[in-house]
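Here is a short tour of a structure for you to keep open while you read. Have a look at it first, and then we can go through its symmetry, domains and helix packing together.

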2 protein chains.
Amino acid sequence: MGFVYGIDIGGTNIKLGIVDSGGGVVKEGMIPTGAEEGPRAVTARISKWFDSCKKNIPDIDRVGVGCAGLVDSKKGILFSSPNLPGWSNVELGKLFSEELNLPAIIDNDANCAAYGEFRLGAGKGVKHFICVTLGTGVGAGLIINGRLHRGFSGQAGEIGHTLIKVEGRLCGCGNRGCLEAYIGSSAIVERAKKMLEQESGNSLAGVEQLSVKDITKAAEDGNEIAIRTLEKTGWYFGIGLVNAVHIINPEVIAVGGGVSGAGDLILNPTRESFAEHVMNDIFLDVRIVTAQLGNKASFLGAAMLAFDHKQED
Amino acid sequence: MGFVYGIDIGGTNIKLGIVDSGGGVVKEGMIPTGAEEGPRAVTARISKWFDSCKKNIPDIDRVGVGCAGLVDSKKGILFSSPNLPGWSNVELGKLFSEELNLPAIIDNDANCAAYGEFRLGAGKGVKHFICVTLGTGVGAGLIINGRLHRGFSGQAGEIGHTLIKVEGRLCGCGNRGCLEAYIGSSAIVERAKKMLEQESGNSLAGVEQLSVKDITKAAEDGNEIAIRTLEKTGWYFGIGLVNAVHIINPEVIAVGGGVSGAGDLILNPTRESFAEHVMNDIFLDVRIVTAQLGNKASFLGAAMLAFDHKQED
């Protein structure tokens, strides 16, 4: 077995790597996405990057692409992406296989991250596994019975849009009460701001364009409002996980994505809330852990999917 | 391939059948459960029933048992059952294989019903399938990738205890806001009673021990309160299904159990609510249909599981 190209197309940056069958990264890089140039130009820039560094690597067999958005992995089509404006109904699979002259598989970035963690990280050897990505959006990839589960229309794992509160907070998707409306990064920032209004003199009050990173840093320094913000977020997250666990009953849930940088400051209250809301102690077998591959999960997972591309669902 | 015994142990009755590999029922019967006699005596009565009618059926290979409650199908143990008081940590698998002198498999009744519908009914040939049982309790069995999905602790499919309203109605499980607290049969009856309080002279007002059956019958006769009761129930059910679909993305959802007797009176508002709350039109591919096997689903599914007992998860 030779090497594959792994690609993770995000709204801001594209992560790239040449990966061996054991998940070893031979070359690695990052280029700006520049989505406004359009898919063809972006694909050409990616191709150029690989051209510049593939010397001395003889056997490149395939390319795996993870992409934020609604993806039909069977047809290799990106339907739409909130992070890639104007990219709708793009035949990404075809585009990449033509440009790189290699068989290409594409999938949703959350699926790729889950597959990466399953093959190389927090879900290694775990038969029933959920990998949740916490960030602006809240998504998940599912491994069921040792296979990536995409579902009938290829859209399984939309945990961020499970409803936890009928007629609750308005979500970016237009519905009310989605988990994402309570634990997505803008919900977290809003929660902190609301608490700050009620207390003067807090160090966070003056921060311009407050971010989850700022809140996490403050919480690490013992800032009470920041700690309570993450606690409340974890409380909601635990409820979201209870719903997923009552349906799927996985062995391990790994939590990745930017917001997961808060580590146990968010995961401990998540675990407590999970234990509080679960219907039966049997479900407490489930382990809730931090994902291990950081921001490499998606391109590594895309690469592993390219290796294991028989793993179709 | 010969025949198997299929058994469905409910709180009130036990349904029994001798089934061929195509799902054909050669003999069929029902006996009272009499749970208070204890598992050994009940198993002996079941054995006696089969003895009385197995003549002329030479090759009985196995027995499949569906049972309400928390079941560990791998170990063949019934942990506990709200409908079988006193039956806790019962080695049902061992008990049946000793009594009937046949290899026995046991599983949760919702899993058996789902498997029955998958093999012989509304989920025939469907790769990703959910079968929801609506009754006093609300449960589900999942078929994922053509296999019964039990999950890590064997408890997957507890859709009735997914939370749809944080801090909402108290559920029988002790939590608040579970789907079952909004669509279980006692919630439906309570909903109707509340509406009846606000309107005098309704034909349902005088009914003693009002049941979902009474409400369904009245709705069929055009009773507005009964219709609205089922509509509101369907509205909540649609939200519960949205959560399951956003996670699993199945092709077909079949709805069985006593409450499903209301048919489209409950399923049409369910479909409307589903369409209203789903995050993306892609998920509208999912078909929500009535289960086909009625109250035979569990014993037929148990029988089919016995035939296909390699289908372990």
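What rotation and what shift along its axis superpose chain A on chain B? The rotation is 180° and the shift 0.0 Å, with an RMSD of 0.0 Å, where copies are superposed by least squares on the C-alpha atoms of residues with pLDDT of at least 70 in both. That is the relation of a two-fold axis.

This is a predicted model, in which local features need pLDDT of at least 70, side-chain atom pairs count only at pLDDT 80 or more, and totals for chains, interfaces and linings use all residues. Residues are numbered from 1 along each chain as its sequence is written, while chains are lettered from A and ligands numbered from 1 in the order in which they are written.

**Where the chains meet**

- The same surface serves both copies, since 100% of the contact residues of chain A recur in chain B; two residues are in contact if their C-beta atoms, placed from the backbone, lie within 7 Å.
- Chain A and chain B each bring 39 residues to their contact.
- Strand 10 (147-149) and helix 7 of chain A each supply at least two residues of the side that touches chain B; helices (H or I, at least four residues) and strands (E, at least two) are DSSP runs, numbered from the N terminus.
- Helix 7 of chain A gives the most to that side, with 7 residues.
- On the side of chain A that touches chain B there are 18 nonpolar, 15 polar and 6 charged residues (Ala, Val, Leu, Ile, Met, Phe, Trp, Tyr, Cys and Pro count as nonpolar, Asp, Glu, Lys and Arg as charged, and the others, Gly among them, as polar).

**Domains of chain A**

- Chain A is divided into domain 1 (3-116 + 296-307) and domain 2 (126-291), with bounds that come from an automatic or database domain assignment.
- The C-alpha centres of the two domains of chain A lie 27 Å apart.
- Their contact takes 11 residues from domain 1 of chain A and 14 residues from domain 2 of chain A.
- On the domain 1 side, strand 5 (70-72) and helix 3 (109-120) of chain A each supply at least two residues, and helix 3 of chain A gives the most, with 5 residues.
- That side of domain 1 of chain A divides into 7 nonpolar, 2 polar and 2 charged residues.

**Helix packing**

- In chain A, the axes of helix 7 (residues 224-248) and helix 8 (residues 264-277) come within 7 Å and cross at roughly 45°; axes are lines fitted to C-alpha atoms, for helices over the stretch in contact, and angles run from 0 to 180 degrees between N-to-C directions.
- Helix 7 of chain A and helix 8 of chain A are therefore oblique to each other (angles under 35 degrees count as roughly parallel, over 145 as roughly antiparallel, 65 to 115 as roughly perpendicular and the rest as oblique).
- The contact of helix 7 of chain A with helix 8 of chain A has 12 nonpolar, 7 polar and 3 charged residues, among them Trp235(A) of helix 7 and Phe274(A) of helix 8.
- In chain B, the axes of helix 6 (residues 212-220) and helix 7 (residues 224-248) come within 7 Å and cross at roughly 115°.
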